[in-house]
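This report goes through one protein structure, from the whole chain down to single residues. Please look at the sequence and the model first.

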Amino acid sequence: MEGNVYLYYPNLVGYARITLNLIGFWVGFRCPLTFLFCYMASALMDMLDGHLARAYNQCTRFGAVLDMITDRTGTAMLLMILCVWYPSWTYYFQFYVFVDICSHWTQMYSSLFRRIDSHKTCTHPVLNWYYQKRNLGLLCFGNEAFYLCLYCLHWGTEEGLLGIPIVHKAVYAFTLICLPLAVAKLAIAIVQWQVACQEIVGEEITQARKVAPKRKH
């Protein structure tokens, strides 16, 4: 692995994703179609950076962190908009952001602390199932689609395509389909947070036991 890590292909994709998110959220309250284009383009590019990293042998810790914070902040900013439009759901949105950030940050720290190559390497049966490519893709898609559908449902008939009655009904139906996936992803995030905490504590105990005999001598 050689060269400037900041200019690795997957990291360039990460910078582009952040730029798209910032543009999208800048207009999120007034230009729904522009927002949807930027947010969905950023989400689709999330699948590209991993392929580039493996294809060009450019897998780095920096890239993993960049990818994670882009995902977390993008979802958090979307839920900030939804908190304004759906005040009765505010606590759920806040709870989701809280768990999402805590879970992934703790999992990332656990992998670094234990010198594991990837935070997706898990032995827990639930997390091992979750991080299989097909399952991860389905739950992540359903989760993002659920919150994007809530975003779309806010706009009334004056907003062109999103206001067409049949489109509005289709979005509403898709929201209900994606709801269980979003709830399942939240539940798995809670499990991941618990497991990561246990792994960190377990590693600390293991390291302490290694040091203890040396101190006796």
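## Overall build

Of the 217 residues in the protein chain, 41% are buried; buried means under 20% relative accessible area, exposed over 50%, and partly exposed in between, with a 1.4 Å probe and protein chains only. The model is predicted: local features need pLDDT of at least 70, side-chain atom pairs count only at pLDDT 80 or more, and totals for chains, interfaces and linings use all residues. Residues are numbered from 1 along each chain as its sequence is written, and side-chain values use heavy atoms, with hydrogens and water left out.

The protein chain has 7 helices and 0 strands, where helices (H or I, at least four residues) and strands (E, at least two) are DSSP runs numbered from the N terminus. Its C-alpha trace spans about 80 × 40 × 30 Å along the principal axes. Among contacts with a separation of 6 or more, 75% join residues 24 or more positions apart; a contact means heavy atoms within 4.5 Å.

## Around R72

R72 belongs to helix α3 (residues 61-85) and is buried, at a relative accessible area of 13%. Leaving out residues up to four places away in sequence, R72 touches D100, I101, H104 and K185. H104 is 32 residues from R72 along the chain, and their C-alpha atoms are separated by 8.4 Å.

## Aromatic rings

Rings of Phe, Tyr and Trp (its six-membered ring) pair if their centres lie within 6.5 Å; planes under 30 degrees apart count as stacked, over 60 as edge-to-face and the rest as tilted. The count by this rule is 23 aromatic pairs. In one of them, Y96 and Y147 have ring centres 5.4 Å apart and planes at 55°, so this pair is tilted. Because Y96 lies in helix α4 (residues 90-113) and Y147 in helix α6 (residues 133-154), the pair ties together parts 51 residues apart in sequence. Y96 and Y147 are both buried.

A cluster linked by ring pairs contains F25, F29, F35, Y39, W85, Y151 and W155.

## Cysteines

How many disulfides does the structure hold? There are 0, a disulfide being a pair of cysteine sulfur atoms within 2.5 Å. For C178, the closest cysteine sulfur is in C149, 5.4 Å away and too far for a bond. C178 is buried, at 2% relative accessibility.

The sulfur of C197 has its closest cysteine sulfur in C102, at 8.8 Å, which is also too far for a bond. C197 is partly exposed, with a relative accessible area of 35%.
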